Amino acid sequence: MNHAEKSKDNRRENVCTTSGRSSGRRKKRWMILFIAAALSLTGCGSGSSGSTSGSTSSSSGSGTDSASGSDAEAEAVEVRMAYFPNITHAQALVMKNEGSLEEALGDGYEVSWTSFTAGSSEVEALFAQEIDIGYIGPVPAINGNVKSDGDVIVIANASDAGAVLVAAADSGISSVEDLDGKTVAIPQVGNTQHLCLLNLLSQNDLSPVSSGGTVEVVAVDNSNLQNMFDQGSVDAALVPEPWGTILTASDNVELVLDYQDIYYSGNYPVAVIVVRKDFLEEYPEVVETFLQVHVDTTDAINADLDGAVDAMIEEISEVTGNTYEKDVILSSFSRTTVTVELNEDALLEFADVSLAEGFIDELPDDSLVDLSILQGLLDGES
């Protein structure tokens, strides 16, 4: 069941908070501008924020002033956004389509958007300081936080659930126990759906072949899954939407577990927002403005899903070349919740599974999550 009907009061109550940051967050802007101007004069300006794993489109903040083009460019603060062309990153798709972040930031800021298809690639871009703020899966976010010693911070949720377990109609699979001896597909090794599958296997006394068990787990691009099922190459798959809806529309793929049976009764993050710690400390006003747009966009999507889906389809098509039927995407949101609420317990359990499976060497500390800016914005709606 979609949570679009939740009130803003409930949202404010459910958002988990962490300790607030120190009050002296803002640095003196004149110093930033002085350094930026000096770098432009010496030819040492920052490099491109583009990524080989996705396409990038850029647009400047609205409005102009009397300064020359070169001076305006030198003074502009870059805000480099990352996202996936997936419906679980719905706010990013709508935000990019409407140009609402650029409008909210206004003069003096230049926003670029880079799309990724793998969380590991986005994390690498964050480490390389090519991305400032990103929509990403919770498991890559955890990995990024641990491996960067707290430099990658989760600052809000974006969406929950949106994954199902499906199986070939003639596979004899009707439960997780029936995966014994079968081949199961996941989108990527180490991603959120992979860890959900590993958790399900563990709960049913099963394990993958790679760990000495009997379940063959293979990474398969979602767009190839129908062919894999047709050829009998896979028996089952744990997939995100809209692929669950697309696959079960065929005659030879059936639903085994719906979204609420995958993990935490469907109340778990499938997409979160991360920021680089140094960017947050240097530009807290940018992060606050972005989060306000994120909250507003979340409300707008839940208020008018039909209209928002049009923007999502347009953006996905622009990046991937794939165009989805509108009714498929609308159906997918019956299993996907667009929300800023973050279930930290579910997030931390992902960390436990990641540690047990060897994806991280240690559990994250308190640096993983900082919802203080988000909470302040939500409190201000009262």
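**Figure 1. Crossing of helices H8 and H15 in the predicted model.** The axes of helix H8 (residues 192-203) and helix H15 (residues 344-356) come within 10 Å of each other and cross at roughly 75°. Helices are DSSP runs of H or I with at least four residues, strands are runs of E with at least two, and both are numbered from the N terminus. Axes are lines fitted to C-alpha atoms, for helices over the stretch in contact, and angles run from 0 to 180 degrees between N-to-C directions. H8 and H15 are therefore roughly perpendicular (65 to 115 degrees; under 35 counts as roughly parallel, over 145 as roughly antiparallel, and the rest as oblique). Thr 192, Leu 195, Cys 196 and Asn 199 of H8 meet Glu 349, Phe 350, Val 353 and Ser 354 of H15, contact meaning heavy atoms within 4.5 Å. By class, this contact of H8 with H15 holds 4 nonpolar, 3 polar and 1 charged residues. Ala, Val, Leu, Ile, Met, Phe, Trp, Tyr, Cys and Pro count as nonpolar, Asp, Glu, Lys and Arg as charged, and the others, Gly among them, as polar.

**Figure 2. Packing of helix H4 on helix H12.** Helix H4 (residues 90-98) packs with helix H12 (residues 284-303) at an angle of about 100°, the axes being 9 Å apart. This makes H4 roughly perpendicular to H12. From H4, the residues Ala 90, Gln 91, Val 94 and Met 95 meet Phe 290, Val 293, His 294, Thr 297, Thr 298 and Ile 301 of H12. The contact of H4 with H12 comprises 6 nonpolar, 4 polar and no charged residues.

**Figure 3. Helix H13 and its buried residues.** H13 has 16 residues and reaches 22 Å from its first C-alpha to its last, close to the 22 Å expected at 1.5 Å a residue (the expected span is 1.5 Å times one less than the number of residues). Ala 308, Val 309, Ala 311, Met 312, Ile 313, Glu 315 and Ile 316 are buried in H13, where buried means under 20% relative accessible area, exposed over 50% and partly exposed in between (1.4 Å probe, protein chains only). The buried residues of H13 pack against H4, H12 and H14. Just after H13, Gly 321 takes a positive phi of about 85°.

Figure 4. Glu 315 forms a salt bridge with Lys 96, with 2.9 Å between the closest N and O atoms; the term denotes a side-chain nitrogen of Lys or Arg within 4 Å of a carboxyl oxygen of Asp or Glu. Glu 315 is buried at 4% relative accessibility, and Lys 96 is buried at 12%. A salt bridge also joins the side chains of Asp 306 and Lys 326 (2.9 Å, N to O). Asp 306 is partly exposed at 41%, as is Lys 326 at 24%.

**Figure 5. A network of salt bridges.** Arg 80, Asp 132, Arg 276 and Asp 278 are linked in this network. Between Asp 278 and Arg 276, the closest N and O atoms are 2.4 Å apart. Arg 276 is buried, with a relative accessible area of 7%, whereas Asp 278 counts as partly exposed at 35%. The whole structure contains 9 salt bridges.

**Notes to all views.** Residues are numbered from 1 along each chain as its sequence is written, and side-chain values use heavy atoms, with hydrogens and water left out. Because the model is predicted, local features need pLDDT of at least 70 and side-chain atom pairs count only at pLDDT 80 or more, while totals for chains, interfaces and linings use all residues.
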